[in-house]
Amino acid sequence: MAAAGAPAGEVGIVASVHPIERLRYVARSHGGDQRLLVRETAGALRGLGLDPAGLVVACRRIVERHPTSGPLWWLCSSVLAAPDPFSAAARLADSIEEDPTPEALIDALPPDATVTVLGWPDLAGEAVLRRGDISVLAVDIAGEGGSFVRRLERNDVEAEVVDAAGIAGAVVASDLVLIEALAATPNEILAVLGSRAAASVGYCSEVPIWLVAGRGRCLPEAIFATVIARAAAEADAPWRADAEPMPVALFSHIARDSGVVDVGEARAVLGPECPLASELLRASPM
């Protein structure tokens, strides 16, 4: 099933491109639907047929270029730990593309709800688009809110762009807030900038805050710590970062591929989905 989340942008790559160029294209790309990013990366790695040392270098460079993409860390760590890395890459690409988390949201969202989201979330965006009866307040993060609203309106979904300064008002006016994890552990997640503010307002105002953690987002603690450190290193100040860490305790519910559960089940549903490939934690040679 084709992903209906954020626009592919630079990530959509013609299949006939040589694997080396395809991998370089993925490394240069920014943003885009995480499922498509994993699919393209897996295809490029398989096409190259690298030896183990070359595979390590390629995977390191991918996660260095996309330090906040939990699904790419999940893919690369799983591939490096697999006895047959190229078969694993194909299997993982299929798994994330078939992620049923949007369906879990579609089934669980209350009817005719007003929902706040931040930017253009992949999985939550697909869910509200397909439900059709949800009113969406899209906080304009990284300039994506307007594009997301236009996409929703083309599909007859009621939606409005909210400036980042209005995030508190949007949360208070909502029936619930959907915040999508870029990476997650049972205690902490990484999400787009503004997510912690939205969740904090919701927590204090007793507005339900749902964490959307799709396949490939839950990482071992050591990888997650590296993700946080690299995300912080990319910005000269926390308020200029692309993403920010926040505690899982701010959420009321967690949406996963298995359904929507109370946040009290975080340890059970947010455990690591991949082994720890320690080779990824070291920087690639320049």
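This is a predicted model: local features need pLDDT of at least 70, side-chain atom pairs count only at pLDDT 80 or more; totals for chains, interfaces and linings use all residues.
Which hand does the crossing of α2 and α5 have, left or right?

Residues are numbered from 1 along each chain as its sequence is written, and side-chain values use heavy atoms, with hydrogens and water left out.

A few terms. Helices (H or I, at least four residues) and strands (E, at least two) are DSSP runs, numbered from the N terminus. Axes are lines fitted to C-alpha atoms, for helices over the stretch in contact, and angles run from 0 to 180 degrees between N-to-C directions.

Now the opening question. The crossing of α2 and α5 is left-handed. That means the near helix is turned anticlockwise from the far one by less than a right angle; clockwise would be right-handed. Helix α5 covers residues 85–97, and its axis comes within 9 Å of that of α2, crossing at roughly 165°. The two are therefore roughly antiparallel. Here are the cut-offs: under 35 degrees is roughly parallel, over 145 roughly antiparallel, 65 to 115 roughly perpendicular, and the rest oblique.

Who meets whom? On the α2 side, Arg-35, Val-38 and Leu-45 are among the residues in contact, and on the α5 side, Phe-86, Ala-89 and Asp-94 are among them. Contact means heavy atoms within 4.5 Å. By class, this contact has eight nonpolar, no polar and five charged residues. For the classes, Ala, Val, Leu, Ile, Met, Phe, Trp, Tyr, Cys and Pro count as nonpolar, Asp, Glu, Lys and Arg as charged, and the others, Gly among them, as polar.

Stay with α2, residues 34–48. It also packs on α4, residues 70–81, at an angle of about 30°, with the axes 9 Å apart. That makes α2 roughly parallel to α4. This crossing is right-handed. Val-38 and Ala-42 are among the α2 residues here, and Trp-74 is one of those they meet in α4. The residues of this contact divide into seven nonpolar, two polar and no charged.

One more helix pair. Helix α6, residues 101–108, packs against α7 at about 45°, with axes 8 Å apart. The two are therefore oblique to each other. Their crossing is right-handed. Glu-103 and Leu-105 in α6 are among the residues in contact, as are Glu-126 and Arg-130 in α7. The classes are six nonpolar, one polar and four charged.

On to the sheets. Strands of a sheet pair through backbone hydrogen bonds, either parallel or antiparallel. Two strands pair if DSSP finds at least two bridges between them.

What is the strand order in the open sheet of seven strands? The order is β3-β2-β1-β4-β7-β9-β10, with mixed pairing. The edge strands are β3 (159–162) and β10 (259–262), and each pairs on one side only. Neighbouring strands are turned by 25° against each other on average, direction ignored.

Walk along it. Strands β2 and β3 run parallel, joined by four bridges. Leu-137 has Glu-160 in β3 as its bridge partner. From β2 the chain crosses through helix α8, residues 145–154, to β3, and this β-α-β crossover is right-handed. With the strands pointing away from the viewer, a right-handed path from the first strand over the helix to the second runs clockwise.

Next, β1 (114–118) and β4 (176–180) run parallel, with two bridges. Val-115 is partnered by Leu-176 in β4. Helix α7, residues 122–131, packs on the sheet, touching β2, β4 and β7, and its direction makes about 140° with that of β4. Helix α10, residues 195–205, packs there too, touching β1, β4 and β7, at about 145° to the direction of β7.

Strands β9 and β10 pair in the antiparallel sense over four. They form a hairpin with two residues between them.

Finally, an open sheet of three strands. Its order is β5-β6-β8, with antiparallel pairing. Strands β6 and β8 share five bridges. Ile-189 has Met-246 in β8 as its partner. Helix α10 returns here: it lies across β6 and β8, at about 30° to β8.
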